[in-house]
Amino acid sequence: MNSSGSFFKQFAWTLSLLLRMTALCMVKHLCQTTRNENRYAKRFFGTLLTQTAQKWLFSPFWILVPDPRKSAVFGLTQPFCTDEKSHTQPKRKAAFGSVGRRIPYRVLHVINQDGESLGNMHRAEALRLMDQQGLKLVLLRENVEPPVYRLMTGQQIHEEQLKRAEKKKASPKPGVVQKELSFSSAIARNDLETKTKQIAQWIEKKHHVKVTIRQAKGSSTDMLELFDQILETVSEKATYLSKPKVAREGVSTCILRHMSDKELKEHQKMEIKKNNTVKKDENEDLKSNELHQ
């Protein structure tokens, strides 16, 4: 009887040990499987979600993917959509220039090198024209239907970039006041002095001053020299923001601004150097005159 009881006790202990070992092995395998699945899911969905350039078919389902910051936490991704442009990302303004072959629109309105409209066409046709004529496609207007592209040479693109840079430079910055003065090239001396004093007052307040000069009929005054004359009277404080240029026939403009602290120091150094040179020349002339006498 005792031997029978000892046998059952030994059997129960062995069975309990086997069950615990089996449970431990199952837990170990489950943990390993979960880690592998997490790793494979990260690789797959990480690659899938970073391919933003491709077009995805719409999926009405939410997909469970592992949170990259915490392997044990799962997050929900947004459903894919067929929009060619994402509305969730901020829209960056592209610089003016050739778009190469990267055209996201199927139908374009194309303008030729001379500025004439070629009408609407498929992007493949536009690219064919670009290759045939050895030109470059430039996006002019995007927020219209269809978007407007122009065929341009590299020189035309460069010139347009310079124009836009000059226009941006001439436009007043936020918080900067721009004053305007307009007068004829036949302006009287007293009136010109009054205008110049007004410009000096605005420059002192660090305003931008746009000066427009109209060529008077029968006047032979050189407007560029007149601009330089105005600048000379305020040269201790001001410089050109936009150099004198012809705005249209018979009308020229420029924009003056207050010099920065660094520019003022450089200007003062140049003035001191200039004055020293003048004094040196005067002293040499005096010595030369004394010798001749």
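Phe-7, Phe-8, Phe-11, Leu-15 and Leu-19 make a nonpolar surface patch of about 560 Å². Patch residues have over 30% relative accessible area and no salt bridge; like charges are joined within 9 Å, and nonpolar side chains (Val, Leu, Ile, Met, Phe, Trp, Tyr) within 5 Å. A salt bridge is a side-chain nitrogen of Lys or Arg within 4 Å of a carboxyl oxygen of Asp or Glu. Accessible areas come from the Shrake-Rupley method with a 1.4 Å probe, and for residues only the protein chains shown count as cover.

The model is predicted: local features need pLDDT of at least 70, side-chain atom pairs count only at pLDDT 80 or more, and totals for chains, interfaces and linings use all residues. Residues are numbered from 1 along each chain as its sequence is written, and side-chain values use heavy atoms, leaving out hydrogens and water.

One of the patch residues, Phe-8, lies in helix α1, residues 2–50. Helices (H or I, at least four residues) and strands (E, at least two) are DSSP runs, numbered from the N terminus. Phe-8 counts as exposed because its relative accessibility is 53%; exposed means over 50%, buried under 20%, and partly exposed in between.

Asn-112, in the loop between β3 (107–111) and β4 (117–122), is buried at 13%. Its side chain reaches the backbone nitrogen of Glu-116 at 2.7 Å.

Glu-166, in helix α3 (residues 154–170), is partly exposed at 28%.

Note on methods: Buried means under 20% relative accessible area, exposed over 50%, partly exposed in between (1.4 Å probe, protein chains only). A polar contact is a pair of N or O atoms within 3.5 Å; within protein, one must be able to donate a hydrogen and the other to accept it, and residues adjacent in sequence count only if both atoms are side-chain atoms.
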